Amino acid sequence: MSIIEFVKRAMALAIFAGAAMTQPAGAAQLVDFTNVAFAQVTGETSRPIGHVEFCKRFPGECGANAVVIEDVTLTAGKWQQLLDINSFFNTTIVPETDQQLYHVTEYWTYPHGFGDCEDIALAKRKALIAKGWPVSALLLTVAKESDGEGHAVLMVRTDRGDLILDNQDSTIRDWHDSPYHLLKRQ
């Protein structure tokens, strides 16, 4: 292990140990940041049709990033924001499919009390942007579940690795610890 890796690991443990001690019992979620992992990008892919249609309706949400920030330094405060936003949308949005809500197979939009996985991921992304997170570090990610079904999550690029915010799991996980096969990310 290089000295840089050692220092990063020590800093990660110190930040999150401190955060855990200042939070009420159970508020700080434990994640192992000793094996920092970034999701690898291989090849090109097409955009999900739901995202293409979303961008037609919300063009301001889909433009090129003026400033690209590869990853966010994950402080105790930023970690708490991730926990709070993930928990808020996972507990307040009632899961409903696009077919149930809009009578179509795929429709990406912001949820209004009801929504499916990509709607919840979009809401989390928007809330994090409102908190000052850079757009370029918040990636809408399409995945395949173990049963072959499609699923969308929000991938957050941090200096501690790429983290997955998932409406089906309240635990924020490193991308490689998620149960999904990642296909595309925006």
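Visitor: Is Cys55 buried or exposed?
Guide: Keep in mind that this is a predicted model. Cys55 is buried here, with a relative accessible area of 11%.

Visitor: And what about Cys62, where does that fall?
Guide: Cys62 comes out as partly exposed, at a relative accessible area of 26%.

Visitor: Which cysteine does Cys55 pair with?
Guide: Cys55 is joined to Cys62 by a disulfide, with 2.1 Å from S to S.

Visitor: What's the handedness of that link?
Guide: The Cys55 and Cys62 link is left-handed, with -85° about the S-S bond.

Visitor: How many disulfides do we get in total?
Guide: The count is 1 disulfide.

Visitor: OK, and Cys117, buried or exposed?
Guide: Cys117 counts as buried, at 15% relative accessibility.

Visitor: Switching topic to the largest nonpolar core. Which residues touch the most other members?
Guide: That core has 28 residues, and the ones touching the most other members are Leu82, Leu128, Trp133, Leu154 and Val156.

Visitor: Which elements give two or more residues to it?
Guide: On the helix side, H2 (49-57), H3 (76-92) and H5 (117-130) do. The strands are S3 (138-144), S4 (150-158) and S5 (161-166).

Visitor: Which one gives the largest share?
Guide: H5 does, with 6 residues.

Visitor: Back to Trp133, what does it touch?
Guide: Leaving out residues up to four places away in sequence, Trp133 touches Val72, Leu74, Lys78, Gln81, Leu82, Leu128, Leu138 and Val156.

Terms used
Residues are numbered from 1 along each chain as its sequence is written. This is a predicted model: local features need pLDDT of at least 70, side-chain atom pairs count only at pLDDT 80 or more; totals for chains, interfaces and linings use all residues. Side-chain values use heavy atoms; hydrogens and water are left out. A disulfide is a pair of cysteine sulfur atoms within 2.5 Å. Buried means under 20% relative accessible area, exposed over 50%, partly exposed in between (1.4 Å probe, protein chains only). A nonpolar core is a set of buried Ala, Val, Leu, Ile, Met, Phe, Trp, Tyr and Cys residues joined through side-chain atoms within 4.5 Å. Helices (H or I, at least four residues) and strands (E, at least two) are DSSP runs, numbered from the N terminus. Contact means heavy atoms within 4.5 Å.
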